[in-house]
Amino acid sequence: MPFHSYLFFDTEPSMNGLSAAELEKEKKAFVACAEVAPGVRMHAYATLALKAGSRFMLHVNAENSEAIQAAARDL
């Protein structure tokens, strides 16, 4: 897979007030969106205490840049 991208994410402060059930629901929705990206592989890494302003990073790779752009858009 010749094309790579690194996407960094932070969470909204309002997520800190969610119940465990609500937080789990939001996580599952994010994962479901990431899993349906055709031809795109994603690997998640925690970035807490490593990069200011981010909580996690997705290393994304695909055969073409358009697939990565579509996956980023859908997320």
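**A loop, a helix and a pocket**

Mentor: Alanine 49 sits in the loop between strand 2 and strand 3. The model is predicted: local features need pLDDT of at least 70, side-chain atom pairs count only at pLDDT 80 or more, and totals for chains, interfaces and linings use all residues. Residues are numbered from 1 along each chain as its sequence is written, and side-chain values use heavy atoms, with hydrogens and water left out.

Trainee: What is phi of alanine 49?

Mentor: Near 70 degrees, a positive value in a residue other than glycine. Most residues other than glycine have a negative phi.

Trainee: Is alanine 49 buried or exposed?

Mentor: Alanine 49 counts as exposed, because its relative accessibility is 86%. The cut-offs are under 20% relative accessible area for buried, over 50% for exposed and partly exposed in between, with a 1.4 Å probe and protein chains only.

Trainee: Back up a bit. What pattern does the protein chain follow along the sequence?

Mentor: The pattern is β-α-β-β-α, with 2 helices and 3 strands. These are DSSP runs, H or I of at least four residues for helices and E of at least two for strands, numbered from the N terminus.

Trainee: Which residues of helix 2 are buried?

Mentor: Ala67, Ile68 and Ala71, in a helix that covers residues 65-74. They lie on the same side of helix 2 because they cover an arc of only 100 degrees around the axis, taken from the directions from the helix axis to the C-beta atoms.

Trainee: What do the buried residues of helix 2 pack against?

Mentor: Strand 1 (3-9), strand 2 and strand 3; contact means heavy atoms within 4.5 Å. The face turned away from the buried side carries the exposed residues Glu66, Gln69 and Arg73.

Trainee: New topic. How much space lies in the largest pocket?

Mentor: About 530 Å³. Of its 19 lining residues, the closest to the centre are Thr11, Glu26, Lys27, Phe30 and Phe56. A pocket is an open set of points on a 1 Å grid over the protein atoms alone, where a 1.4 Å probe fits, with protein on both sides within 12 Å along at least five of seven lines; lining residues have an atom within 4 Å of a point. Points are joined across faces, edges and corners, and the volume is the space filled by probe spheres set on them.

Trainee: Which element gives the most to that lining?

Mentor: Helix 1, with 7 residues.
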